[in-house]
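Here are some notes for a first look at this structure. Please read them with the model open.

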Amino acid sequence: MNTKFLLYILKRFGMAVLTMFLVIAITFFVMHAIPASPFNAEKALSDETIAALEAKYGFDKPVPVQFLNYLANLLRGDFGLSTKWVGSTVSELIMGGFSYSMKLGLSAAGMAIVAGVILGSLAALKRGKLLDKIIQVVTTALVSMPSFVIATLLLIIFALRLGWAPTMATQPGGMVLPALSLSLYPMAYITRLERSAMLDVLGQDYIRTARAKGLKNTCVIFKHALKNSMGPVITYAGPMMAYILTGSMVVENIFSVPGLGRLFVNSMLRTDYMMIMGVTIFLAVMIIMMNFLADILYKVMDPRINLG
């Protein structure tokens, strides 16, 4: 690893850390700007009880002191106590939901990348032909449809009408439809990215030189063209995970997936401030780290990128 590349990694990491701090600060102060106490929604609570609860959770201290304490706890991986799920820490609830969301997210991302690269490459190789036109029409339709619409259609068709899949994710095979729902939009977008990148690579001089040397078409495509056309797909990996994580909030509720999305929606409905902050910050950190890794991997895949 050369010095320039190491400096590039450190610079990206510093930007990621700064972004995390800003997300934490904005989330914390926005939640504390809400005038109502998280305990006001409770019935038949006296002022003394509310004061005792606020002291237990540290809400009685000045906001700057609360922020510093919250930062110190975050460095230890402590997101605090849930105000609605009594006896449970936010970290425990997040980890419990994340196990489901991770399976769902990785499945959706894997399906989207594999299918998108294959379809995009086929569309580029069959440019202007019937297969290329079909792929473009289908991907355009999928890009224009949000994940919750796709999820509802898949649920009605394959679960309720045909009975090919269960309606709940906790049942055997129940993760197929939610993963498919979250994968179709990024798959369509990756297909379009890969098609454009592959067409650009196939027109490069080194591809023509490789073919002039008599290399087989499969060797030219897999050894030269495919690798060099993956740059845009890798760059999109970070935003794709952001889309999957945020889109899962609705999709998880549609298919009753006990993941982070459903946990976040329930915490909003129950005005659990600590849980809202914890899930928001956790998801934001995950997205920031995905973008950081995508930047590094992009440079590894394509050394020609300027380390600016």
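1. Is tyrosine 189 buried, partly exposed or exposed? The model is predicted, and in it tyrosine 189 has a relative accessibility of 33%.

2. Now the aromatic pairs. The whole structure holds 10 of them. One is phenylalanine 28 with tyrosine 70. Phenylalanine 28 and tyrosine 70 are both buried.

3. Tyrosine 189 also has a ring partner, tyrosine 236. This pair is tilted, with 4.7 Å between centres and 35° between planes. It links distant parts of the chain: tyrosine 189 sits in helix H7 (residues 176-202) and tyrosine 236 in helix H10 (residues 231-254), 47 residues apart. Tyrosine 236 counts as buried, at 11% relative accessibility.

4. Look next at the aromatic cluster. Phe21, Phe28, Phe29, Phe67 and Tyr70 make up one such cluster.

5. A charge over a ring is also present. Lysine 103 lies over the face of tyrosine 100, 5.9 Å from the ring centre.

6. Finally, the surface. Leu153, Ile156, Ile157, Leu160, Leu162 and Trp164 make a nonpolar patch of about 600 Å². Isoleucine 156 is part of helix H6 (residues 147-161). With a relative accessible area of 34%, isoleucine 156 is partly exposed.

Terms used. Residues are numbered from 1 along each chain as its sequence is written. This is a predicted model: local features need pLDDT of at least 70, side-chain atom pairs count only at pLDDT 80 or more; totals for chains, interfaces and linings use all residues. Side-chain values use heavy atoms; hydrogens and water are left out. Patches are made of residues with over 30% relative accessible area and no salt bridge: like charges are joined within 9 Å, nonpolar side chains (Val, Leu, Ile, Met, Phe, Trp, Tyr) within 5 Å. Accessible areas come from the Shrake-Rupley method with a 1.4 Å probe; for residues, only the protein chains shown count as cover. A salt bridge is a side-chain nitrogen of Lys or Arg within 4 Å of a carboxyl oxygen of Asp or Glu. Helices (H or I, at least four residues) and strands (E, at least two) are DSSP runs, numbered from the N terminus. Buried means under 20% relative accessible area, exposed over 50%, partly exposed in between (1.4 Å probe, protein chains only). Rings of Phe, Tyr and Trp (its six-membered ring) pair if their centres lie within 6.5 Å; planes under 30 degrees apart count as stacked, over 60 as edge-to-face and the rest as tilted. A charge sits over a ring if NZ of Lys or CZ of Arg is within 6 Å of the ring centre and within 35 degrees of the ring normal.
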